[in-house]
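Me: Here is a structure that I would like to go through term by term. Please say what each label rests on.

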2 protein chains.
Amino acid sequence: MEHRADPIARMVAQLSRLPGVGRKTAQRLAYYIASQPEEDVRELAAAIWQGRQAIRMCSRCGNYTAEDPCPLCADPRRQRDVLCVVRDPRDVAAIERMREYRGGYHVLHGTISPMEGVGPEDIRIRELLARVGAEEISEVILATNPDIEGEATAAYIARVLKPLGVRVTRLAHGMPVGGDLEYVDENTLHKAFEGRREM
Amino acid sequence: MEHRADPIARMVAQLSRLPGVGRKTAQRLAYYIASQPEEDVRELAAAIWQGRQAIRMCSRCGNYTAEDPCPLCADPRRQRDVLCVVRDPRDVAAIERMREYRGGYHVLHGTISPMEGVGPEDIRIRELLARVGAEEISEVILATNPDIEGEATAAYIARVLKPLGVRVTRLAHGMPVGGDLEYVDENTLHKAFEGRREM
């Protein structure tokens, strides 16, 4: 009720719901928005609302897109026989920024997490199995995060994909490029030793 | 152009324009917004756009408000003869949270800053002089920030108000409550010594 009368309080309440935006930040943003020209604020609100309305999930790979299938799935220059499996659409964007990978994607929209009650049936694993069965896939690259849930998810997917006769790989662990050995955590260092190569 | 086709890129571009929101944060927020229910995103966008449309500047004190005069100026229980002069509407909110001050406000919407080309005529000093002339003001409390521009603005206002025969005061400098002497900067410590009181 208070919010109807007080547009600043309403903005603060809504902005506070964004991840990483605490009350102080929300207040700072609300007063900034209040001070901006109406034109600019209209553009911001439109980008948020029209943007959200325009966003679909690609029915093939699960990435966010304005068209279905998404531009990546529709691109005839992409390799059709390799799939990179990631947790989130953000991960697709990160890999695309690398400008190296030319295959397709499969977005899980989550990772298996017994702690949070997320099982294999809650993320897009069934859809992945269907694709591997229907499309001519020769390799599935598991690019879930190298944390407990990402590893567990990768292990689960590898187990269910193996019987289908598809090659299943996992992104390498190791030293970050430009990293300082002294500051790399011991698990990473251990993996870097394990995965050492001839020079 | 790219943005019309890519709603995420459009959101990122708009969110990046907010203060303190870099490209990475904007991306994080955009993907979060993309993943939220349309209802919630509509509420966020509406709070921003309708909020901005609803916000006026109080014609008396200059605070942001949905009604003119603002609730503070319209409140008959507030003292009418004391004005607290602040830079921004955010400062009004901060002082109101203290729940001690019961007088009126005057929001300058800026501070004098020769470096940034902001002169006395660019902020609401003329309106302050008009109010002191027209309303029965006995005291003007200068509560601009204790930084170079805030001090210069306070000094300027004190100089132009004095001839009007009004009492002009400035917020005290000193140790922050709960502060640790060791970590207080030396200027503040100096001011705290200067302003020491009998116990």
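Reply: Leu108(A) sits in the loop between strand 4 and helix 7 (125-134) of chain A. The model is a predicted one.

Me: Why is Leu108(A) called buried?

Reply: Buried means under 20% relative accessible area. Leu108(A) has 0% relative accessibility, so Leu108(A) counts as buried.

Me: What does Leu108(A) touch, not counting residues up to four places away in sequence?

Reply: The contacts of Leu108(A) include Val85(A), Val86(A), Ile123(A), Thr153(A) and Ile157(A). Contact here means heavy atoms within 4.5 Å.

Me: What separates the C-alpha atoms of Leu108(A) and Glu38(A)?

Reply: They are separated by 39 Å, and the two residues are 70 residues apart along the chain.

Me: What makes strand 5 and strand 6 of chain B a pair?

Reply: Two strands pair if DSSP finds at least two bridges between them. Strand 5 (residues 139-142) and strand 6 of chain B are joined by 4 bridges and run parallel, so they meet that cut-off. Val140(B) has Val168(B), in strand 6 of chain B, as its bridge partner.

Me: Why are strand 4 and strand 6 of chain B called edge strands?

Reply: The order in this open sheet of 4 strands is 4-3-5-6 (chain B), with parallel pairing. Strand 4 (104-107) and strand 6 (167-170) of chain B each pair on one side only. Neighbouring strands of the sheet are turned by 25° against each other on average, direction ignored.

Me: Which strands does helix 8 of chain B touch?

Reply: Helix 8 (residues 148-161) of chain B packs on the sheet and touches strand 3, strand 5 and strand 6 of chain B. The direction of helix 8 makes about 170° with that of strand 6 of chain B.

Me: Which residues touch the most other members of the largest nonpolar core?

Reply: Leu15(A), Ile48(A), Leu15(B) and Ile48(B) do, in a core of 40 residues. Helix 2 (7-15), helix 3 (23-35) and helix 4 (38-54) of chain A, together with helix 2 (7-15), helix 3 (23-35) and helix 4 (38-54) of chain B, each give two or more residues to this core. Leaving aside neighbours within four places in sequence, the contacts of Leu15(B) include Leu44(A), Ile48(A) and Leu29(B).

Me: How many cavities of 30 Å³ or more does the structure hold?

Reply: There are 4. The largest cavity has about 80 Å³ of space. Among the 13 residues that line the largest cavity, Gln79(A), Arg80(A), Leu83(A), Gly104(A) and Arg131(A) are the closest to its centre.

Technical notes
Residues numbered from 1 in each chain as written. Chains lettered and ligands numbered in written order. Predicted model: local features only at pLDDT ≥ 70, side-chain atom pairs only at ≥ 80, totals over all residues. Heavy atoms only, no water. Axes fitted to C-alpha atoms, helices over the stretch in contact; angles between N-to-C directions. Core = buried A, V, L, I, M, F, W, Y, C linked by side-chain atoms within 4.5 Å. Buried < 20%, exposed > 50% of the residue type's maximum accessible area, 1.4 Å probe, protein only. 1 Å grid on protein atoms, 1.4 Å probe; cavity = no way out; pocket = protein on both sides within 12 Å on 5 of 7 lines; lining within 4 Å. Points joined across faces, edges and corners; volume = space filled by probe spheres on them.
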